[in-house]
Amino acid sequence: MIPWLAGTPRFPPVESALDDPPGLLAVGGDLAPEWLLAAYHQGIFPWYSAGEPILWWSPDPRLVLVPSEMKISRSLGRTLRQHRFEIRFDTAFSEVVAACAAPRGPGGGTWITEEMQAAYRRMHELGYAHSVEAWYEGSLAGGLYGIGLGRAFFGESMFSRRTDASKVALAHLARYLESRDFAVIDCQMTTTHLLSLGAFEIDRAEFRAGLEIWTRQGDGPGCWPEDAGRGLF
């Protein structure tokens, strides 16, 4: 039986997560900062649809990307060298989250509910959640957002309104995190797209052991410089 969480943010051991659906660990709880911080420190994240209770996940294996090992294709490298997009950090967090929450295609839904958006905006105000934005001719063309804890970055979602915009944002994120000695970008779920960019799967136990170290190293929370992406490519 899946535990129902209430009261204080205490999660069951990640090893107790279900195999079907893969990684489902617990139900209930809250999206307050103390809950999200406790979850991410243990490699747990919320993922659910509107009308559902909060569902908490810890899949095995886990997809991760080492910042220095992101694969940049020839075409993406050309786009980066052309500086087609202006990259900004932490200047339009709410807009990035809202764009990521927009339905993909006719009749499409979203798991980034209004409640989720509000929770991550609060995490951004506290200096834990960050956005990387690709701007084209003054308009937001793509980007991503996630949570930074110590030397670990937990990617949440990305969007693109122009070809390669989200990939350019991810490339700048990876290069920036590499410059700050981040150990890992957590990609959560395995996709062929992320695998093509250099992400790979590791055992949940290995990921969890790494988090014990990485989340307790590096800098504390705080806004990232707007021009942190300048000169990276």
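Axes are lines fitted to C-alpha atoms, for helices over the stretch in contact, and angles run from 0 to 180 degrees between N-to-C directions. Helices (H or I, at least four residues) and strands (E, at least two) are DSSP runs, numbered from the N terminus. The structure is a predicted model, in which local features need pLDDT of at least 70 and side-chain atom pairs count only at pLDDT 80 or more, while totals for chains, interfaces and linings use all residues. Residues are numbered from 1 along each chain as its sequence is written, and side-chain values use heavy atoms, with hydrogens and water left out.

**Exercise 1. Describe how H3 and helix H4 are placed relative to each other.**

Step 1: the axes of H3 and helix H4 (residues 114–125) come within 10 Å and cross at roughly 155°.

Step 2: angles under 35 degrees count as roughly parallel, over 145 as roughly antiparallel, 65 to 115 as roughly perpendicular and the rest as oblique. H3 and H4 are therefore roughly antiparallel to each other.

Step 3: where the helices are in contact (heavy atoms within 4.5 Å), Phe93, Ser94, Val97, Ala98 and Ala101 of H3 meet Gln117, Tyr120, Arg121 and His124 of H4.

**Exercise 2. Work out the strand order of the open sheet of seven strands, and find what lies across its strands.**

Step 1: two strands pair if DSSP finds at least two bridges between them. With mixed pairing, the seven strands follow the order S6-S7-S8-S9-S10-S5-S11.

Step 2: strand S6 (86–89) and strand S11 (200–202) are the edge strands, each pairing on one side only, and the twist averages 35° from one strand to the next.

Step 3: strand S8 (residues 139–149) and strand S9 (residues 152–160) pair in the antiparallel sense over eight bridges, and Leu149 stands opposite Ala152 in S9.

Step 4: helix H3 (residues 93–101) lies across strand S7 (129–136), S8 and S9, running at about 100° to S8. Helix H7 (residues 204–214) lies across several strands, including S8 and S9, and runs at about 110° to S9.

**Exercise 3. Which residues have the most contacts inside the largest nonpolar core?**

Step 1: a nonpolar core is a set of buried Ala, Val, Leu, Ile, Met, Phe, Trp, Tyr and Cys residues joined through side-chain atoms within 4.5 Å.

Step 2: the largest nonpolar core has 52 residues, and those with the most contacts inside it are Trp56 and Tyr120.

Step 3: leaving aside its neighbours within four places in sequence, Tyr120 is in contact with residues including Leu36, Phe93, Tyr145 and Ile147.

Step 4: a second, separate core of 31 residues includes Leu65, Leu173, Phe182 and Ala228.

Technical notes:
Buried means under 20% relative accessible area, exposed over 50%, partly exposed in between (1.4 Å probe, protein chains only).
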